[in-house]
Amino acid sequence: MRARPATRQPSFMSSPASDSSARTAARFWDRMARRYAAASMRDPAGYEKTLERVREWLSPQHEVLEIGCGTGSTALRLAPAVGRLLATDVSPQMIAIARQRHQAQPTPGLEFAIMDTDTALSEAAAWDRVLAFNVLHLLDDLDATLAAVAHTLRPGGLLISKTPCLAELNPLITRLLIPLLRAVGLAPSFRLFDGPRLQAAIERSGLEPVAVERHGSGRKDARVFIVARKPAVAQHGGE
């Protein structure tokens with residue numbers, strides 16, 4: 001593996017407000033961890049399609065960071081395809097379950113860590129790939145996080161993401177059902193955007209989308225799969 005560059009302090013390091021938000025998120029997901037781990041997958045065929053596509057962008061030479069890894073199921077499936085995978089989540093209870101699963105299914109090169117996104121993404125040019133599955137809609141500041149992703153990727157590195165675009169759902173779900181679930185503590189805070197708005201945010205960060213897909217097996221899929229590349233360092237021959 002390549003040697004790590006020295007860590008520098010980027011302009012988007014965590015603030016007291018983001019620390020408070022991270023603590024709130026950790027408390028929610030700690031409460032939900034066991035329920036989340038036991039829940040059945042809604043679209044197994046779509047999930048397998050996503051895994052298949054993600055593996056096409058991975059190699060054993062890659063060092064990979066996953067943010068919002070939850071209980072680690074996806075990290076365990078993808079880790080054999082890469083040299084190193086650091087899977088992070090803000091919830092200690094989620095990571096505890098992930099580590100239990102890792103003990104039952106030992107996978108070389110895989111590590112789970114309790115870490116918020118600001119901390120996970122703070123090191124410059126550290127990773128070949130950043131994975132973000134079902135997490136971008138939960139962020140307080142999407143633009144700041146995507147800028148941090150661009151910061152932590154090596155030149156030519158990729159963000160690989162799959163995100164529920166909740167603005168594409170029936171308004172009765174987003175305006176009535178989800179607020180009701182949030183009121184009783186069964187849904188987290190989230191952001192409403194559609195696929196084009198998410199793609200535009202990714203482009204604002206300086207990342208260049210190279211794949212935009214939908215993998216759901218149903219007639220309509222509100223989850224968009226986007227792979228975006230950090231431009232390689234320009235070559236200035238003869239200058």
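This is a predicted model: local features need pLDDT of at least 70, side-chain atom pairs count only at pLDDT 80 or more; totals for chains, interfaces and linings use all residues.
Arginine 223 forms a salt bridge with aspartate 221, in which the closest N and O atoms are 2.9 Å apart. Aspartate 221, at 10% relative accessibility, falls under that cut-off and so counts as buried.

## Threonine 163 in strand β5

Threonine 163 belongs to strand β5, which covers residues 153-164, and is buried, with a relative accessible area of 0%.

Across the whole structure, a search finds eleven salt bridges. One of them joins arginine 154 to glutamate 63, with 2.8 Å between the closest N and O atoms; this pair links distant parts of the chain, since arginine 154 is in strand β5 and glutamate 63 in strand β1 (residues 63-67), 91 residues apart. Both arginine 154 and glutamate 63 are buried.

Another salt bridge brings together the side chains of aspartate 143 and arginine 204, at 2.9 Å from N to O. Because aspartate 143 lies in helix α6 (residues 142-152) and arginine 204 in helix α8 (residues 195-204), the pair ties together parts that are 61 residues apart in sequence. Aspartate 143 is partly exposed, with a relative accessible area of 37%, whereas arginine 204 is exposed, with a value of 55%.

## The sheet and the helices on it

Seven strands form an open sheet with mixed pairing, in the order β3-β2-β1-β4-β5-β7-β6. Its edge strands, each of which pairs on one side only, are β3 (110-114) and β6 (208-213), and the twist from one strand to the next averages 15°. Within the sheet, β1 and strand β4 (residues 127-133) pair in the parallel sense over four bridges, and isoleucine 67 stands opposite alanine 132 in β4.

Helix α2 (residues 44-55) packs on the sheet, where it touches β4, β5, β6 and β7 (223-229), and its direction makes about 175° with that of β5. Helix α4 (residues 92-104), for its part, lies across β2 (84-89) and β3, running at about 160° to β3.

Note on methods: Residues are numbered from 1 along each chain as its sequence is written. Side-chain values use heavy atoms; hydrogens and water are left out. Helices (H or I, at least four residues) and strands (E, at least two) are DSSP runs, numbered from the N terminus. Buried means under 20% relative accessible area, exposed over 50%, partly exposed in between (1.4 Å probe, protein chains only). A salt bridge is a side-chain nitrogen of Lys or Arg within 4 Å of a carboxyl oxygen of Asp or Glu. Two strands pair if DSSP finds at least two bridges between them. Axes are lines fitted to C-alpha atoms, for helices over the stretch in contact, and angles run from 0 to 180 degrees between N-to-C directions. Contact means heavy atoms within 4.5 Å.
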